[in-house]
Amino acid sequence: MLMTFLVVVVVSAALIAGALWGVYGKISSKTEGFVIALAGGALVVSLVSEMIQPAVEQSNLWVGLGSVAAGAAVFSGVDYWIDEKWGAEGGGGLLAAITLDGVPENLALGVALIGAAPVEVAALAGSILLSNLPEAAGGAKQMVGNGLSRGKTLGLWALTALILSAAAIIGYFALEGVSPHVLAATRCFAAGAVVASLATEVFPKAYKEDHHMAGVATAIGVILAVFLGELATA
């Protein structure tokens, strides 16, 4: 139980660390793009190996695949609404989009921790942590650049970290002991939402910021995720 809370706290705290980095530090666009691409590659592998495949084995193929499609559709619809309401590049829209991205990621993390040792979801937790750092850094930097004070910017990111921590804890406690089919559907719905966020938010941003190395960084992320997964099963 203690290790579960530690994993959740460390992953969500990366948002605050990233915001501090963006407000007070320096981050080049190429570095940001490289790290985002690396995290995206790791997420692709960990979502399939830690979320989708175990869910299909736990329930059945159609529950798993249907839930992945539903999660992707819901994320895409809400993401479109956010872009239309706030604008894709505005401060509020950026924070909302990252929250929308982070909730399914952290829900997936919480669900994955059910009945598993933290080391068994190391790839998923590590890739979420890696994606949180540059996303928060870039978002905080843009908010300050748009005229928001440093204090308010950090406060908003701290609140976002609390919301995402709650999502992971809810995923862990609220779904423990439910029907295997419900748990499998929830895993795959969250995974589908994250897959859609990779396609619409993560990889396009990574390519925009560092298009020469985005492919290499993604491959490194895949390699790291596979390696961590092998260590967990060794």
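Trainee: Which residues of H6 are buried?

Mentor: This is a predicted model, in which local features need pLDDT of at least 70 and side-chain atom pairs count only at pLDDT 80 or more, while totals for chains, interfaces and linings use all residues. Residues are numbered from 1 along each chain as its sequence is written, and side-chain values use heavy atoms, with hydrogens and water left out. Buried means under 20% relative accessible area, exposed over 50%, and partly exposed in between (1.4 Å probe, protein chains only). In H6, the buried residues include Trp 157, Leu 164, Gly 171 and Tyr 172.

Trainee: How many aromatic pairs are there?

Mentor: Rings of Phe, Tyr and Trp (its six-membered ring) pair if their centres lie within 6.5 Å; planes under 30 degrees apart are stacked, over 60 edge-to-face, and the rest tilted. The count here is 1 aromatic pair. The ring centres of Tyr 172 and Phe 173 are 5.0 Å apart and the planes lie at 90°, so this pair is edge-to-face. Tyr 172 counts as buried because its relative accessibility is 9%, whereas Phe 173, at 37%, counts as partly exposed.

Trainee: Which residues touch the most other members of the largest nonpolar core?

Mentor: In soluble globular proteins, nonpolar side chains tend to be buried together. A nonpolar core is a set of buried Ala, Val, Leu, Ile, Met, Phe, Trp, Tyr and Cys residues joined through side-chain atoms within 4.5 Å. The largest one has 35 residues, of which Leu 47, Met 51, Leu 109 and Leu 124 touch the most other members. H7 gives the most to this core, with 9 residues.

Definitions and conventions
Helices (H or I, at least four residues) and strands (E, at least two) are DSSP runs, numbered from the N terminus.
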